[in-house]
Amino acid sequence: VQLQAYGGGLVQAGGSLRLSCAASGKVFSINAMGWYRQAPGKQRELVADITSGGSTNYVDSVKGRFTISRDNAKNMVYLQMNSLKPDDTAVYYCHYRPYISGSYKQQGYWGQGTLVTVSS
């Protein structure tokens with residue numbers, strides 16, 4: 001599976017960005033896709049994920065500001081980021097986990113990352 005993420009950039013605090021990620025290759029119809037981020041000097045953290053059935057999960061720091069969505073027919077996942085803060089500055093990575101034999105695979109696949117920079 002290959003993941004192509006795009007949509008990052010430079011934005012002022014309070015602004016918005018929309019990230020997109022396209023999955024291609026052997027994509028299982030039941031899966032979870034999501035976004036992680038890694039800021040300089042920090043560990044990579046889950047931002048949000050969404051299952052093919054539409055269940056979502058967000059890290060507390062982005063609740064109410066970010067919205068994850070997906071288009072199953074296109075194997076796309078999106079992250080709408082509003083009210084951006086300087087603390088949201090990070091490289092954002094798309095992630096895909098297939099559902100196989102009754103469970104989501106732990107390791108999954110990663111995209112190449114897209115940089116989001118929020119200026120104060």
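Student: In which strand is Arg-97 found, and what is meant there by a strand?

Tutor: Arg-97 is found in strand E9, a strand being a DSSP run of E with at least two residues, numbered from the N terminus (helices are runs of H or I with at least four). This is a predicted model, in which local features need pLDDT of at least 70 and side-chain atom pairs count only at pLDDT 80 or more, whereas totals for chains, interfaces and linings use all residues. Residues are numbered from 1 along each chain as its sequence is written, and side-chain values use heavy atoms, with hydrogens and water left out.

Student: Why is Asp-88 called buried, and where is it found?

Tutor: Buried means under 20% relative accessible area, exposed over 50%, and partly exposed in between (1.4 Å probe, protein chains only), so Asp-88 at 2% counts as buried. Asp-88 is found in the loop between E8 and E9, and, leaving aside neighbours within four places in sequence, it is in contact with Arg-37, Arg-65, Phe-66, Ser-83, Val-116 and Val-118.

Student: Why is Thr-117 called partly exposed?

Tutor: The relative accessible area of Thr-117 is 27%, so it counts as partly exposed. Thr-117 has its place in strand E12, and its contacts, apart from neighbours within four places in sequence, are Gly-9, Leu-10, Val-11 and Thr-89.

Student: What makes Tyr-93 and Trp-110 an edge-to-face pair?

Tutor: Rings of Phe, Tyr and Trp (its six-membered ring) pair if their centres lie within 6.5 Å, and planes under 30 degrees apart count as stacked, over 60 as edge-to-face and the rest as tilted. Tyr-93 and Trp-110 lie 6.4 Å apart centre to centre with 90 degrees between the planes, and the pair is edge-to-face. Tyr-93 lies in strand E9 and Trp-110 in strand E11 (residues 109–110), so the pair ties together parts that are 17 residues apart in sequence. The rings of Tyr-99 and Tyr-104, with centres 4.8 Å apart and planes at 70 degrees, are therefore edge-to-face. Ring pairs also link Tyr-36, Tyr-93 and Trp-110 into a cluster.

Student: How do you know that E1 and E3 pair, and which strand does E3 pair with over 6 bridges?

Tutor: Two strands pair if DSSP finds at least two bridges between them; E1 (residues 2–6) and E3 (residues 17–24) run antiparallel and are joined by 5 bridges, with Gln-2 opposite Ser-24. E3 also pairs with strand E8 (residues 76–81) in the antiparallel sense over 6 bridges, and Ala-22 stands opposite Met-76 there.

Student: What makes a set of residues a nonpolar core, and which members of the largest one touch the most others?

Tutor: A nonpolar core is a set of buried Ala, Val, Leu, Ile, Met, Phe, Trp, Tyr and Cys residues joined through side-chain atoms within 4.5 Å. The largest has 27 residues, of which Trp-35, Leu-79, Met-81 and Tyr-92 touch the most other members.

Methods. Contact means heavy atoms within 4.5 Å.
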